[in-house]
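Here are a few notes to read alongside the model. Take them in any order you like.

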There are 2 protein chains.
Amino acid sequence: MAEEFSNSIVAAGVVGLHAMFAARAITPVEATETYLSRIARLNPGLRAVTDVDEAGARAGARASAARWANGQPLSPIDGVPVLVKANIAVAGRPWTAGIGAYRDRIAAADAEVVVRLRHAGAVILGSVNMHEGALGATTDNPWFGRTANPHRPGYTPGGSSGGSGAAVAAGLCAAALGTDTMGSVRIPSAYCGVFGHKPRYGAVSDVGTTALSWTLDHIGPHARSAADCAATLAAITDDPVGTPTEGVLGVLAFDGQVEVEPHVAAALVETVDRARTLGLKVETVRLSDYDFGRMRRLGLLISEAEGYVVHQPMLSEHPEGFSNGFRALLEWGGNQPAHKLASACREITRAGAAIRAACAPYAAVLMPTAPQTAFPFGAAPANQADFTALANFTGLPATAFPVGMTADGLPLSCQVVAGSEAAALGMAERLATPLGATAGYRG
Amino acid sequence: MAEEFSNSIVAAGVVGLHAMFAARAITPVEATETYLSRIARLNPGLRAVTDVDEAGARAGARASAARWANGQPLSPIDGVPVLVKANIAVAGRPWTAGIGAYRDRIAAADAEVVVRLRHAGAVILGSVNMHEGALGATTDNPWFGRTANPHRPGYTPGGSSGGSGAAVAAGLCAAALGTDTMGSVRIPSAYCGVFGHKPRYGAVSDVGTTALSWTLDHIGPHARSAADCAATLAAITDDPVGTPTEGVLGVLAFDGQVEVEPHVAAALVETVDRARTLGLKVETVRLSDYDFGRMRRLGLLISEAEGYVVHQPMLSEHPEGFSNGFRALLEWGGNQPAHKLASACREITRAGAAIRAACAPYAAVLMPTAPQTAFPFGAAPANQADFTALANFTGLPATAFPVGMTADGLPLSCQVVAGSEAAALGMAERLATPLGATAGYRG
């Protein structure tokens with residue numbers, strides 16, 4: 001992916017920056033200034049970044065530069081500029097979760113993932129926009145604006161981590177963190193043509209992150225390569241990232257249950273062909289009795305009921321700080337009878353176990369990320385999360401990766417679900433294809 | 001414990017029977033006939049056993065005897081006669097879960113735990129009474145009768161596995177299986193003066209068991225020694241039982257939060273003294289911010305809401321087959337707003353993690369099993385499960401064990417919670433004291 005940026009610092013991504021710092025080709029201060037100036041130049045059109053911590057970023061960059069000058073970097077991401085989703089606390093900065101009611105909330109402390117990033121030496125540039133409260137996939141935010149898809153103005157970047165996906169695609173940072181409840185890291189990664197990784201459930205601490213659903217939330221990285229995702233992930237988890245797995249590639253059969261756009265279906269077929277060309281054995285994986293739409297709706301009920309609990313104090317104090325639509329979803333879910341929630345939790349737990357068992361024999365299981373490519377603001381197909389949500393139900397690692405562009409220039413994406421972080425990321429790296437020269441926002 | 005029975009087969013318990021079979025002192029047929037005749041003689045007064053499968057038991061005993069004659073027993077419990085709680089399916093037999101509406105339900109297949117027991121060669125004698133639907137702790141069952149406490153007529157054996165506790169105490173079987181959602185194996189074990197073990201959450205399959213709450217249910221053994229519990233447990237789990245842990249014994253501080261009867265408090269103090277006499281180092285464990293009563297009520301809400309889902313089809317088809325009280329609890333829990341259930345699940349998950357962390361430094365953590373000894377039918381203190389439920393919230397193994405008798409002849413009990421099955425069972429074995437000559441139902 002990285003080659004498309006004419007700016008060598010942006011083109012370097014995460015792993016490449018480390019090499020440039022090590023070779024003393026540039027310093028973290030230069031890298032940070034490059035990204036800050038790109039944000040200043042490109043963000044007014046994109047509205048991806050909602051808070052820039054220039055002073056904090058520059059201080060972080062100087063400290064990193066000093067470590068590099070002493071030959072003592074803290075980690076493979078020391079000096080790497082990153083952005084984090086607005087529901088992740090950055091000490092002393094606005095911590096909005098994309099909700100008007102939290103507009104004036106200033107984080108008292110860093111989220112644990114931010115603490116981890118800083119301990120690894122990363123430079124926190126600021127926060128990015130998101131779908132209101134992380135409950136939705138268009139990032140058409142009534143309080144903080146519409147984030148544009150870098151590949152086409154007027155089109156959604158996806159969501160809920162739309163700012164993260166757009167910022168990475170436009171080269172406003174080397175990597176970004178997002179949160180993924182039913183696909184919120186992977187869907188914007190797909191629509192924006194970057195890599196997005198949802199780690200194993202529980203692999204990353206959610207302390208200091210305004211969850212939507214503690215049952216389904218996963219914090220994960222967006223970046224312009226699988227290796228960049230892996231390096232960022234390694235900084236925020238104690239889990240070993242591991243090594244890729246050999247074995248058969250499963251391809252998920254969905255038997256017409258999910259209405260997939262023709263160019264997405266064609267991209268999946270091409271990806272399977274590429275896997276075969278690479279020498280991989282490919283087999284169809286069929287989930288017996290899995291109803292994609294029904295399970296997505298059960299996941300939504302859990303998200304809404306748990307989101308109601310998360311926001312309950314603010315909902316009663318400042319109901320006007322929630323859009324009518326978002327508030328209605330939370331209140332609907334929160335006030336369903338308890339037996340419906342209990343039943344949903346049971347079905348999802350059982351489905352998750354069944355999918356894990358079905359995936360277990362394979363090196364990874366391939367499927368589309370979303371059934372569609374990015375679409376204009378105003379629309380929002382109900383089935384966006386049909387494929388992504390199933391990975392949240394399993395708790396397994398899943399990586400979305402670019403597989404080219406449509407004829408009219410929108411990114412195509414597939415995802416793999418696998419038994420380990422490295423298995424998912426490694427397969428994504430093997431199967432991904434560059435976006436090509438149509439990609440926008442070269443700086 | 002075992003010595004109190006003048007019948008050498010009953011006195012032998014599980015482990016002793018194995019030795020007797022191995023020494024060819026008796027055969028599994030004789031052991032089974034002994035228990036069947038005790039059931040015939042003693043059960044009319046106790047009402048612990050609700051279904052005796054004489055033909056099945058005798059067939060099982062003959063097959064076991066043949067294996068022993070060939071010197072090829074299947075396991076350490078081959079030929080051992082056991083009873084199972086009425087919510088555990090035994091193929092071709094009534095599977096009532098203690099609920100009138102299921103009076104005519106005949107199990108199409110064995111529960112997985114019964115399959116395991118049979119594969120280990122155990123002889124299934126039949127099923128025992130329980131509190132209606134496992135939601136309560138007195139076994140004053142409106143459909144299948146009141147099970148008596150073997151130590152005092154007119155007193156509850158506890159519940160919900162009251163039939164299991166009473167049958168083991170009265171020597172109607174060598175061991176029994178119960179289910180434990182918030183204490184339902186350990187409370188009747190305490191009131192009846194036997195050992196009761198709740199394994200690690202997930203260690204034992206619940207397929208073919210009519211759950212009350214899939215979030216909190218644990219299937220576990222009752223027996224007359226820790227070693228007998230361990231042998232029975234080993235047959236129904238793939239988990240290694242492991243070896244006991246060395247280290248400090250923690251003693252749970254509850255700071256007056258739970259109203260404990262004076263003789264129970266005194267028994268705890270004596271047990272701590274005994275631990276010191278045995279050379280154990282003892283330290284107080286304090287759970288910060290744990291509200292025993294509140295957490296018990298949250299556990300009940302989860303049990304009621306999930307129980308509603310379990311019984312929903314039968315509740316709508318045959319509401320008259322549920323007592324008014326039981327139905328009201330299920331309907332209340334099932335129809336609370338979803339956010340209350342979501343919140344309860346989150347609090348219990350968090351409390352469980354906090355308790356696990358607090359217990360982690362200790363070989364085991366000691367506390368009373370129930371705050372009281374057995375009481376007359378008609379009463380039912382609200383706080384019976386205050387101590388037991390916390391182990392369900394953690395998912396950790398916990399063993400209740402006898403620590404003597406009150407002056408007027410009721411069993412006293414303590415429990416230990418520990419990081420492994422063997423750590424809990426081993427500490428229970430070290431700290432238990434025989435009931436003494438006052439124990440009833442010697443056969």
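This is a predicted model: local features need pLDDT of at least 70, side-chain atom pairs count only at pLDDT 80 or more; totals for chains, interfaces and linings use all residues.

1. Residues are numbered from 1 along each chain as its sequence is written, with chains lettered from A and ligands numbered from 1 in the order in which they are written.

2. Have a look at helix 2 of chain A, residues 28–46 (helices are DSSP runs of H or I, at least four residues, and strands are runs of E, at least two, numbered from the N terminus). There is a bend of about 35 degrees at A:Ala40, with A:Pro44 following within four residues (the bend is the angle between axes fitted to the seven residues ending there and the seven starting there). Just past this helix, A:Arg47 has a positive phi of about 55 degrees.

3. Now go to chain B, where the axes of helix 9 (292–317) and helix 11 (338–359) come within 9 Å and cross at roughly 125 degrees (axes are lines fitted to C-alpha atoms over the stretch in contact, and angles run from 0 to 180 degrees between N-to-C directions). So helix 9 of chain B is oblique to helix 11 of chain B (under 35 degrees is roughly parallel, over 145 roughly antiparallel, 65 to 115 roughly perpendicular, the rest oblique).

4. Which helix of chain B gives the largest share of the side that touches chain A? In total, 18 residues of chain B are in contact with 18 residues of chain A (C-beta atoms, placed from the backbone, within 7 Å). Helix 11 of chain B supplies that largest share, 7 residues.

How values were computed: Two residues are in contact if their C-beta atoms, placed from the backbone, lie within 7 Å.
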